[in-house]
Amino acid sequence: MTESLSLAGRTAVVTGAGAGLGRAEALALAAAGAAVVVNDMGDGAQEVAAEIMAAGGQATAVIGDVSDWALGERLVHEAVSTFGSMDILVNNAGILRDKMIFNLSESDWDDVIRVHLKGHAARP
Ligand SMILES: NC(=O)c1ccc[n+]([C@@H]2O[C@H](COP(=O)([O-])OP(=O)(O)OC[C@H]3O[C@@H](n4cnc5c(N)ncnc54)[C@H](O)[C@@H]3O)[C@@H](O)[C@H]2O)c1
C-alpha cells in the first residue's frame, strides 16, 4: 500500500532551486504541502516560487549565493518570519568543475570549496 506523505504546516528551504534537481525538489516538497523558501543566485528562484504559488502552494524566493554567511541567515529568517518555522533544509546548491586534481585551477578549487563546503555550513 502506498501512503501519501503530507508536509502541511512544514517549511522547507531548498538552495539552488531555480533549476535542475533543486527545482524538482522544491516542486515535490510543495506538492506534498510544505511551504518552500526557494533560493538561487538568479531569476530562477522567483520563477519556481511563482510556479509553486500558481499551483496553489506557498513559496517565497530568496536570491543570493549560499556561500554568503548573511544569505544563510536570511534563508532562516525568511522561513520563520514568513511561514512560522523552518523544518526542512535541502542543501542542493552546487557547481560542477569536472576535472582531475592535476588540471584543476586554484580558482576552480576555491569555487568548489566555497559553494560546497562553506555554502553547506552557512546556516546560523
Ligand atoms: N545532476 C547530477 O547527476 C548530480 C550528481 C551528483 C550530485 N549532484 C549535485 O546535485 C546538485 C544539483 O545538481 P543539478 O544537476 O541540478 O545542477 P544544476 O547546475 O542544474 O543546478 C544547480 C543550481 O544551483 C544554483 N547555484 C549554484 N551555485 C549556487 C550558489 N552559490 N548559491 C545559490 N545557488 C547556486 C545554480 O544557479 C543552479 O540553478 C549540485 O550540488 C550537484 O553537484 C548532481
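The numbered points below go from the overall fold to the surroundings of the ligand.

1. Please keep in mind throughout that this is a predicted model. The chain has 4 helices and 4 strands, and from the N terminus on these elements follow one another in the order β-α-β-α-β-α-β-α.

2. As for overall dimensions, the C-alpha trace of the chain spans about 50 × 35 × 25 Å along its principal axes. The radius of gyration of the chain is 15 Å, which agrees with a compact globule, because a globule of 124 residues would have a value near 14 Å.

3. Turning to the ligand, the space that it takes is the largest pocket. The elements that give two or more residues to the shell around the ligand are helix 1 (20–31), strand 2 (35–40) and helix 4 (106–121).

4. The ligand is surrounded by 16 residues, and the closest are Leu 21, Asp 40, Asp 65, Val 66 and Asn 92. Sorted by class, this shell holds 7 nonpolar, 7 polar and 2 charged residues.

5. For Leu 21 a backbone N or O atom lies 2.7 Å from an oxygen atom of the ligand, and for Val 66 a backbone N or O atom lies 3.0 Å from a nitrogen atom of the ligand. In Asp 65, by contrast, an N or O atom of the side chain is 2.8 Å from a nitrogen atom of the ligand.

6. Finally, the ligand taken alone exposes 820 Å², and the protein buries 59% of that.

Definitions and conventions: Residues numbered from 1 in each chain as written. Predicted model: local features only at pLDDT ≥ 70, side-chain atom pairs only at ≥ 80, totals over all residues. Heavy atoms only, no water. Near = heavy atom within 4 Å. Polar contact = N/O pair within 3.5 Å; in protein donor to acceptor, adjacent residues only side chain to side chain. Areas by Shrake-Rupley, 256 points an atom, 1.4 Å probe, with all protein chains shown as cover. 1 Å grid on protein atoms, 1.4 Å probe; cavity = no way out; pocket = protein on both sides within 12 Å on 5 of 7 lines; lining within 4 Å. Sits in = over half its atoms within 2 Å of the grid points. Nonpolar A, V, L, I, M, F, W, Y, C, P; charged D, E, K, R; others polar. Rg over C-alpha atoms; globule rule 2.2 N^0.38 Å.
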